[in-house]
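Work through the exercises below with the sequence and the model open. Try each task before reading its solution.

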Protein chains: 2
Amino acid sequence: MEKIIIIEDDPAISDLIKLNLELAGYDCRQAYSGQEAQCILTDFSPDLVLLDISLPDMEGYELLDRFKNSEVPVIFLTARSALIDKVKGLKMGADDYIVKPFEAMELLARIEAVLRRYGRKSDRMDFGGLEIDLEERTVKRDGFIVDLTLKEYELLLLLIHNRNKALSREKILEHVWDYEYIGETRTVDIHIQKIRKKLGWEDRIKTVYKFGYRLEVLS
Amino acid sequence: MEKIIIIEDDPAISDLIKLNLELAGYDCRQAYSGQEAQCILTDFSPDLVLLDISLPDMEGYELLDRFKNSEVPVIFLTARSALIDKVKGLKMGADDYIVKPFEAMELLARIEAVLRRYGRKSDRMDFGGLEIDLEERTVKRDGFIVDLTLKEYELLLLLIHNRNKALSREKILEHVWDYEYIGETRTVDIHIQKIRKKLGWEDRIKTVYKFGYRLEVLS
DNA sequence: AAATAAAGTTTACAACTTGTTTACAACTTG
DNA sequence: CAAGTTGTAAACAAGTTGTAAACTTTATTT
């Protein structure tokens with residue numbers, strides 16, 4: 001699980017980002033000022049830095065300066081008004097930038113891209129007999145490929161990212177299906193049944209009655 | 001005990017919120033208008049503000065504006081479910097929002113989340129071998145997940161919030177079952193038995209003869 | 001562009017879970 | 001000890017989830 005530090009002075013924006021990244025399976029830490037960031041960095045070595053360039057007192061630039069000689073990739077966040085900042089930032093060594101306000105999906109895409117470029121630690125995951133390769137988009141069970149459809153695969157990833165957490169049907173719909181569903185639907189249930197069967201995870205994917213599902217993994 | 005101010009013009013809603021928050025162990029004060037809120041704030045420094053955004057004369061937004069530079073977190077209540085309003089509120093500095101009509105449990109969950117974010121409460125609680133994670137909605141006993149049904153879970157939370165206090169059956173019914181039961185019922189008793197067994201808390205949840213139950217915890 | 005195949009969703013009903021009641025045993029209290 | 005209260009097991013109804021199959025949409029092939 002990759003670690004990301006969010007350096008952003010507006011708590012609302014910071015929290016929003018955190019929420020999305022955590023659902024996507026990243027381990028986040030928040031810093032609301034340059035100073036706080038320094039503190040956190042001492043015992044949290046992130047795999048990626050999200051940096052708001054417009055922190056008070058030019059702190060953003062100072063921090064960027066500090067990061068550029070390190071191994072850690074930096075994506076910076078900037079308000080639309082400061083177009084010049086982008087160029088400046090990239091020249092100073094940022095790996096990417098994103099303009100506020102941005103879509104959650106766009107941010108996630110850029111994060112994935114940057115991490116890939118930096119040769120992320122592992123695109124492979126292992127769960128008791130199950131091997132998942134994010135880059136190849138393949139899932140193997142006892143060495144043999146299990147054919148998962150798009151929705152099945154995304155559902156599996158969501159479950160894995162939130163292992164041991166109870167996920168409500170609404171959350172699942174929002175993230176795999178991209179919309180807030182109005183009214184009744186059994187879609188989530190049916191897809192859960194499908195991956196339960198294909199993966200032989202009948203016991204591992206628990207039903208949380210009247211709520212949703214939870215993937216239980218020991219480790 | 002955290003202090004919360006409820007700024008809401010509809011007395012019925014305000015009272016309902018107050019009742020629930022007090023049962024959950026918060027110290028509440030009510031304001032029915034923006035002006036009244038100002039007065040109360042002079043000698044009641046809340047740890048959290050619950051603000052109805054649709055007060056008459058746009059007072060809600062004005063107040064939010066005033067709070068955003070203070071240290072106090074704000075959750076706003078809105079009747080409108082429009083996404084735009086939510087975003088608007090969050091941008092203006094609210095820490096969370098909740099759309100009316102809402103469930104008591106949802107409001108409590110959000111309050112806990114915001115207070116936690118502000119470094120007051122921890123996400124996890126520990127009670128002699130029992131680990132409760134409010135966010136994941138999981139309860140672990142010696143590291144293993146204990147499956148609790150909805151009512152069992154809510155009953156457990158109520159007991160914990162009122163630990164060492166004797167809770168009458170009526171209070172328990174009101175809070176967990178959402179209604180004032182007319183006549184006889186053994187429902188509470190049976191659910192108490194169930195969580196006693198599941199958690200191994202046979203001794204910790206004491207029976208208060210002819211009254212109700214009490215969760216006894218040392219610390 | 002039509003035919004075909006695959007994926008995704010809805011429907012219908014079976015199977016199961018939960019919450020509640022009932023019945024009776026065991027306990028508390030005066 | 002008697003009356004009332006609580007513990008416990010079992011039965012039940014209501015509602016939720018599992019499952020197969022029909023149906024709709026989307027993608028692929030010809």
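**Exercise 1. The fold of chain A**

Contacts at a separation of 6 or more in chain A: residues 24 or more positions apart account for 54% of them, contact meaning heavy atoms within 4.5 Å. This is a predicted model, in which local features need pLDDT of at least 70, side-chain atom pairs count only at pLDDT 80 or more, and totals for chains, interfaces and linings use all residues. Residues are numbered from 1 along each chain as its sequence is written, chains are lettered from A and ligands numbered from 1 in the order in which they are written, and side-chain values use heavy atoms, with hydrogens and water left out.

Task: state how many helices and strands chain A has, and what percentage of chain A is buried.

Solution. 
- Step 1. Helices (H or I, at least four residues) and strands (E, at least two) are DSSP runs, numbered from the N terminus. Chain A has eight helices and 12 strands.
- Step 2. Buried means under 20% relative accessible area, exposed over 50%, and partly exposed in between (1.4 Å probe, protein chains only). Of the 219 residues in chain A, 47% are buried.

**Exercise 2. The surface around DNA strand D**

Task: describe the residues that surround DNA strand D.

Solution. 
- Step 1. Count the neighbours. A residue is near a strand if one of its heavy atoms lies within 4 Å of it. DNA strand D is surrounded by 25 residues, the closest being Arg186(A), Gln193(A), Arg196(A), Arg196(B) and Lys210(B).
- Step 2. Sort them by class. Ala, Val, Leu, Ile, Met, Phe, Trp, Tyr, Cys and Pro count as nonpolar, Asp, Glu, Lys and Arg as charged, and the others, Gly among them, as polar. The surface near DNA strand D has 12 charged, nine nonpolar and four polar residues.
- Step 3. Find the elements. At least two residues each come from α8 (187–199) of chain A, α8 (187–199) of chain B and β11 (205–208) of chain B.
- Step 4. Look at the DNA side. Sugar or phosphate supplies 61% of the atoms of DNA strand D within 4 Å of the protein, and bases the rest.
- Step 5. List polar contacts (pairs of N or O atoms within 3.5 Å; within protein, one must be able to donate a hydrogen and the other to accept it, and residues adjacent in sequence count only if both atoms are side-chain atoms). The side chain of Arg169(A) has an N or O atom 3.3 Å from a phosphate oxygen of DNA strand D. For the side chain of Gln193(B), the distance to a phosphate oxygen is 2.7 Å. The side chain of Tyr209(A) lies 2.8 Å from a sugar or linking oxygen.

**Exercise 3. Two helix pairs**

Task: classify the packing of α6(B) with α8(B) and of α7(A) with α8(A).

Solution. 
- Step 1. Two packed helices are described by the angle between their axes and the distance between the axes. Axes are lines fitted to C-alpha atoms, for helices over the stretch in contact, and angles run from 0 to 180 degrees between N-to-C directions. Angles under 35 degrees count as roughly parallel, over 145 as roughly antiparallel, 65 to 115 as roughly perpendicular and the rest as oblique.
- Step 2. Take chain B. The axes of α6 (residues 150–161) and α8(B) come within 10 Å and cross at roughly 85°. The two helices are therefore roughly perpendicular. On the α6(B) side, the contact includes Leu155(B), Leu156(B) and Leu159(B); on the α8(B) side, Ile192(B) and Ile195(B) are among the residues. The contact has six nonpolar, four charged and one polar residue.
- Step 3. Take chain A. Helix α7 (residues 169–177) packs on α8(A) at about 80°, with the axes 10 Å apart. So α7(A) is roughly perpendicular to α8(A). Arg169(A), Ile172(A), Leu173(A) and Trp177(A) meet Thr187(A), Val188(A), Asp189(A) and His191(A).

**Exercise 4. Single residues**

Solution. 
- Step 1. Glu152(A) lies in helix α6 of chain A. Its relative accessibility is 3%, so Glu152(A) counts as buried.
- Step 2. A polar contact of 2.8 Å joins its side chain to that of Lys198(A).

Solution. 
- Step 1. Most residues other than glycine have a negative phi. Phi is positive in Asn164(A), near 70°, and in Lys210(A), near 65°.
- Step 2. Asn164(A) is buried at 17%; Lys210(A) is exposed at 67%.
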